[in-house]
Amino acid sequence: MLFYLIIGLSNLFIVLFITRCLAQFFNAGRYSILAEILGRITGPVIRMLGRKTIMNGRLSLSGVAAVLILLFLKYLVFAIVFHVGLPFSYWLLKFILAVPQMCAAALFWLMIVQMILSWLVLLSPQTFQAPARFTYELVDPFIRPIRKVIPPVFMLDLAFMAAMFLLFLANELISYGVISAFGDIGYFLWSPNMINPI
């Protein structure tokens, strides 16, 4: 139980750094309380790694490095705990595929938060407008291309649901790649799960 709690917290921490990278890339939420909380949680690690940026300051190199370092440490612990003679190629493949999978998981959860906040805005616009705007600025660039193909029907945003389905599908395809490559061992250790990807 403690092991899965640690895994869940490590995944949450990685998702926070991915969210910070997205926020900087899309220049989102400069005055949002969510962006401020995100900055305070991830700030110490970013300062420790240095405030280097790439792509004309749009992407935090230290944020990307933090995601990769945290994922590497996570799978290093996994390799030590599950030392059952698995090949190095297995852990390397898991590490490589974990990057897009964690990005998909981060987007998936941001979309869930965006959906909840969009409902809460109707109840209290003054309280939830800024947080909802922050999550909207993060997820909308990924939904916008789908919306061009699948327009809204009445008040129902079908593109939003299609984006969530595509993220889920991408996660399953990544999981299937590891399972097919390593058989039963891959299935046992990969445990495909969008909510708590291992």
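I began with Arg40 and Glu36, whose side chains meet in a salt bridge, with 3.1 Å from N to O. A reminder to myself: this is a predicted model. Why do Arg40 and Glu36 sit about one helical turn apart? Because they are four residues apart in helix H2. I then searched the whole structure for salt bridges and found five.

**Entry: H2 against H5**

Next I looked at how the helices pack. Two packed helices are described by the angle between their axes and the distance between those axes. For helix H2 (residues 33-49) and helix H5 (residues 125-149), I noted an angle of about 70° and axes 7 Å apart. Angles of 65 to 115 degrees count as roughly perpendicular, so H2 is roughly perpendicular to H5.

Which residues make this contact? From H2 I listed Ile33, Leu34, Ala35 and Leu38, and from H5 I listed Pro131, Phe134 and Thr135. Sorted by class, the contact of H2 with H5 has six nonpolar residues, one polar residue and no charged ones.

**Entry: H2 against H3**

I stayed with H2 and turned to its packing with H3. Here the angle is about 105°, and the axes are 9 Å apart. H2 and H3 are therefore roughly perpendicular to each other.

On the H2 side I found Val45, Ile46 and Leu49, which meet Ser62, Gly63, Ala65, Ala66 and Ile69 in H3. How many charged residues does the contact of H2 with H3 have? I counted no charged residues there, with six nonpolar and two polar.

**Entry: a nonpolar patch on the surface**

My last stop was the surface. I found a nonpolar patch formed by Leu49, Ile69, Phe72, Leu73, Leu76 and Ile80. Together these residues have about 540 Å² of accessible area.

Which helix gives the most to the patch? I checked, and helix H3 (residues 61-81) does, with five residues. Leu73 is found in helix H3.

Terms used
Residues numbered from 1 in each chain as written. Predicted model: local features only at pLDDT ≥ 70, side-chain atom pairs only at ≥ 80, totals over all residues. Heavy atoms only, no water. Axes fitted to C-alpha atoms, helices over the stretch in contact; angles between N-to-C directions. Helix = DSSP H or I, 4+ residues; strand = E, 2+ residues; numbered from the N terminus. Parallel < 35°, antiparallel > 145°, perpendicular 65-115°, else oblique. Contact = heavy atoms within 4.5 Å. Nonpolar A, V, L, I, M, F, W, Y, C, P; charged D, E, K, R; others polar. Patch = residues over 30% accessible without salt bridge, like charges linked within 9 Å, V, L, I, M, F, W, Y side chains within 5 Å. Areas by Shrake-Rupley, 256 points an atom, 1.4 Å probe, with all protein chains shown as cover. Salt bridge = Lys/Arg side-chain N within 4 Å of Asp/Glu carboxyl O.
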